Amino acid sequence: MKNLVLFSLLFACFHPLFGQTTQLLKTEADSLYKLGDQAVNEGNLDFAVANFKAATQKYSLLKDNKGLFYTSDGMGWVNFYLGDMPGALDEFNNSLQFARNGIDSSLAYKALNNIGLIHYTNGDYLKASGLLNYVAANSKNINDYYNLSFSLKQLGDLYWRLGIYDKAVLFLNEVLLLAIQNQDHYLIASVKGTLGAIYINQYQYDRAKSIFRDVLNFGVKENNVYAMESAYHNLSTNDARNEFLDSAQFYLLKSIEINRQIGQKRSLVSNFNNLALLYIKQNKLEVAGRYLDSSFTLVGGHQINSSVSAIYNRKGLILQKSDKHKDAIEYFIKSENIASQVETNNFSRISNLLSLSESFYFVNQDSNDFYFNLADSLLDGIVKKQINLNFSNPVQVAQFNGQINQRISTLIKRGNISEAIKVYEKNKAKSLIQDLSFKQNEIEKSINLPMRIKKGEILDKISRIEKQIVKEKSDSLKETLRKELNFLELEYDAILVKIKTEDPAYSKFKIQPTLSTYQAQQICDDQTIILEFAMTESDLIGLAITQNEVKPWIIEKAGNNKRATEAINEAVKELLNKINSHGNQSEIDSGANWLATYLLQPAETLLKGKKKLIIVPDGILAYLPFEVLKYKNKYLIESFEISYTPSLTALTLLDKPKENYKKEILIVSNPDYIPIIRRDKDSLRGPNVYLGSVRSSQTITRGLTREVRTGNNGMEIFFAPLDETKTEGERIGDLFSNPDILTEENATESLVKKKDLSQYRFLHFATHGFLNESKPELSGLVLSQADTSSAGSGEDGYLRASEIYTLNLSSEMVTLSACQTGLGKNIRGEGVLGLQRAFLYAGASSVVVSLWGVSDKSTAILMSDFYDEVIDQDPKWYNKLINFITFRTKNYQPASKAKAMREAKTAMINSPEYSHPFNWAPFIIIGK
């Protein structure tokens, strides 16, 4: 009997009909798997599950480990999209066993990648990075494109979540290069989505939106619902961060519509949480609560994950806004308890702890202090990690600025002014303080030589490519150059990260300690007062500091009972619009008086008898020239010598002027501007590059270009001649005995860089300027284009902020007599990033910048009067004698720039032709 059975089995195995039956079973199983895989891509998850289960049964009969790997893998992705992370992890672990049984290393790496993804999604970044790095290294060795690109993409996402953007972009760039080489459009769309998210966190909203729209177009074209959903979700996030709440809501509802269609429960929970937050911002608390209830129902109970933590946090915010602080505390604690278990990057925890601290102000002061100090400690830990892993990242810290300012408000209300100033200074202009501390400790000089050489070589390549882009007319070659430039910038990021992580000079480095109240008061003499400002989500905080006294104030409501922050933002924008449009003087005075009520009047008792005023602005106040405010029926500038600083701590770190300079002044003015033909503005690079109009019947401005379309030959872009800058340069030069002047065809970038700039007391640039808000390091001054065509010049005619950082200055003052040189990316708590910061880092003690597009003619007059006052203030008899003997006409002792600016502006105010604030108000002094 046994022999008969054995014979029957052998016959069945080798009989052609049995082979056909096996092949048929395999074909059916493969077809079912493909149907399931297609259903996943289409979002039909129930149909996918049915097909995967049917395929699994057939693969099991066949003992086909490879087939079983794929069905387990498919089921893992179904669970992932449904938000069932434990279920997904089980399936991916099963797929790993099947891959190992089948001795297929490529499939094993795929399973490990998926397991790493689950750990990353659950917030276990340590496990995730270990697995993903292992897969990346091994799949690269066997030239496995799929697994290499997947692991690198997840590592990029991981570092993005940690706020280490430089490293994230490096991994994403590598993936993008692989995807382009393999024409993998799905992966290109995914990588672009993450890059867009990074741009959001760097305040590059227009650039992010452009990328997300690319992904949306791809999704529509390919009918890929996941790409469309991701694009809508990201577009919503982008507009919400940019305070465009209506459009953010529109995009989020589109995302919800798709997620309901495809049954993505996890994404729906995220959608509802985000929509609730939008409604909380709009004070629609009841509607927000309903969405949170729906979100909690979808989660399915009291699970320990980040979604539930977010739900509790938002419920706490609703109660906090309703002044139910005890109930709010209960929800914030629930959120924090979960976040402490699942959040490894601590950003969610910091938000929770700061919210807890705010609510405990009304319940228990000890707990108020405890939770703020815990949040502050976590924030310090993040900053230290970022210092160790990359260069300064002010944006991640800036997201908490409003809540930190709320802490300042709380301390003031409790009467603890010294601690309020300490918190203010500690969290003000952190990246600038870090940069200046690096410079003061000469960290750059101690970097090992090979790394310094490599860094310089990459910068040279970047400059050459930018120059080629300007000249290139072929669209295809332009696109190739753009890609090459993008990769070079990422390579530059890589060398910075390498320097920061490997060079021993950085391990010994310590950031400058925060100024105390006593040290802040020591900045003042008996004629000086400091006004510091901070904005919470609703309140304006002011601090007046003198040599002997500190006075704080808090404004909660302003205007028509609006939140103070909202009302002041609106008032500043309206005032600036009226000034820039040459508006009616009485309307300008009305706005100036209204703002003075909140920004000056509370400090009126301390302002009495003072002559010097140092402003430390916050938020939109960084764009406001306080000089135009009305104080005792006069412009503030008529009563005070005014200067500005991003923070008092940063002010103490700025280089002091030298006692002796070999040269007096370098003047760069009236450059030759040669028309440039190109199809776009790539040479200025960036979606928010401000250029503007040129000649009109009324004025010429110094930062504006004219564009003339010329059909198929591209676009002619040229900078208008600035005739008055020639007069300005000559007048200023006449005030000095031996000025160096670069003008017309000699006012080139290469000649400026060849000068030993450290020898000059003053540097003066009277040129066009341009502002790139999205990438402030690309903002710059437009010099003569005369040498850009010469072989080997290596220059593009634009002296950019990124290049200015590398200059070696010792100047008492740098004047940027051009448009918008004081503007840039304004980061809450950090201040304005742009040209002003670049020159301060390069070694200038102070920088004179403009806050809008300035008139060529009135600027020439203002600057001539300004320098005349700078070098001729209160000359002593012995200085007069020295001047007479040496044939000098002016006094060269270090002078008060703020006093000189006051005199020059006052003269214009009193002149009938230039009394309008548009002419004299834009230029301000930043620094010492």
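Where in the structure is the place of Gln759?

1. **Gln759.** Gln759 has its place in the loop between α34 (749-754) and β16 (760-766). Please keep in mind that this is a predicted model. Gln759 has a relative accessibility of 18%, and because buried means under 20%, Gln759 counts as buried. Now find Tyr661: Gln759 and Tyr661 are 98 residues apart in sequence, yet 5.7 Å apart in space, C-alpha to C-alpha. Setting aside residues up to four places away in sequence, Gln759 touches Tyr661, Lys662 and Lys663.

2. **The whole protein.** Let us step back for a moment. The protein has 40 helices and 24 strands. Of its 928 residues, 57% are buried. The accessible surface comes to about 39,600 Å², and carbon and sulfur atoms account for 50% of that.

3. **The largest nonpolar core.** How many residues does the largest nonpolar core have? There are 99 of them, and Leu531, Leu540, Leu621, Leu624, Phe626, Phe765 and Phe866 have the most contacts inside this core. Helix α29 (residues 564-580) supplies the largest share of the core, with 8 residues. Apart from this core lies another one, of 78 residues, which includes Leu148, Tyr165, Tyr199 and Ala208.

4. **Phe866 and Lys897.** Not counting residues up to four places away in sequence, Phe866 touches Met813, Thr815, Val848, Lys897, Ala900, Met901, Ala904 and Ile925. Follow the chain to Lys897, in helix α39 (residues 897-909). Is Lys897 buried or exposed? With a relative accessible area of 9%, Lys897 is buried. Met813 is 84 residues away from Lys897 along the chain, while their C-alpha atoms are separated by 8.4 Å.

5. **Helices α14 and α15.** Next, turn to a pair of helices. The axes of α14 (residues 265-281) and α15 (residues 285-299) come within 8 Å and cross at roughly 165°. Angles over 145 degrees count as roughly antiparallel, and α14 and α15 are therefore roughly antiparallel to each other. The crossing in which α14 passes α15 is left-handed. Residues of α14 that take part in the meeting include Leu268, Phe272, Leu275 and Tyr279, while those of α15 include Ala288, Tyr291, Leu292 and Leu298.

6. **Helices α4 and α5.** Here is a second pair to compare by eye. Helix α4 (residues 65-82) and helix α5 (residues 85-101) have axes that come within 8 Å and cross at roughly 165°. That angle makes α4 roughly antiparallel to α5. Their crossing is left-handed. On the α4 side, the residues that meet α5 include Leu68, Phe69, Trp77 and Phe80; on the α5 side, Met85, Phe92, Phe98 and Ala99 are among those involved.

7. **Two positive phi values.** Most residues other than glycine have a negative phi. With that in mind, look at Asn633, which is not a glycine but has a positive phi of about 65°. Asn633 sits in the loop between β7 (630-631) and β8 (634-635). Its relative accessible area is 74%, and Asn633 is exposed. For Glu744, another residue other than glycine, phi is also positive, near 50°. What element is Glu744 found in? Glu744 belongs to strand β15 (residues 740-744). At 28% relative accessibility, Glu744 counts as partly exposed.

8. **Asp526.** Asp526 is found between α28 (517-522) and β1 (528-535). Gly609 is 83 residues away from Asp526 along the chain, and the C-alpha atoms of the two are separated by 9.0 Å. Leaving aside neighbours within four places in sequence, Asp526 is in contact with Gln547 and Lys610.

Key:
Residues numbered from 1 in each chain as written. Predicted model: local features only at pLDDT ≥ 70, side-chain atom pairs only at ≥ 80, totals over all residues. Heavy atoms only, no water. Helix = DSSP H or I, 4+ residues; strand = E, 2+ residues; numbered from the N terminus. Buried < 20%, exposed > 50% of the residue type's maximum accessible area, 1.4 Å probe, protein only. Areas by Shrake-Rupley, 256 points an atom, 1.4 Å probe, with all protein chains shown as cover. Core = buried A, V, L, I, M, F, W, Y, C linked by side-chain atoms within 4.5 Å. Contact = heavy atoms within 4.5 Å. Axes fitted to C-alpha atoms, helices over the stretch in contact; angles between N-to-C directions. Parallel < 35°, antiparallel > 145°, perpendicular 65-115°, else oblique. Left-handed = near helix turned anticlockwise from the far one by under 90°.
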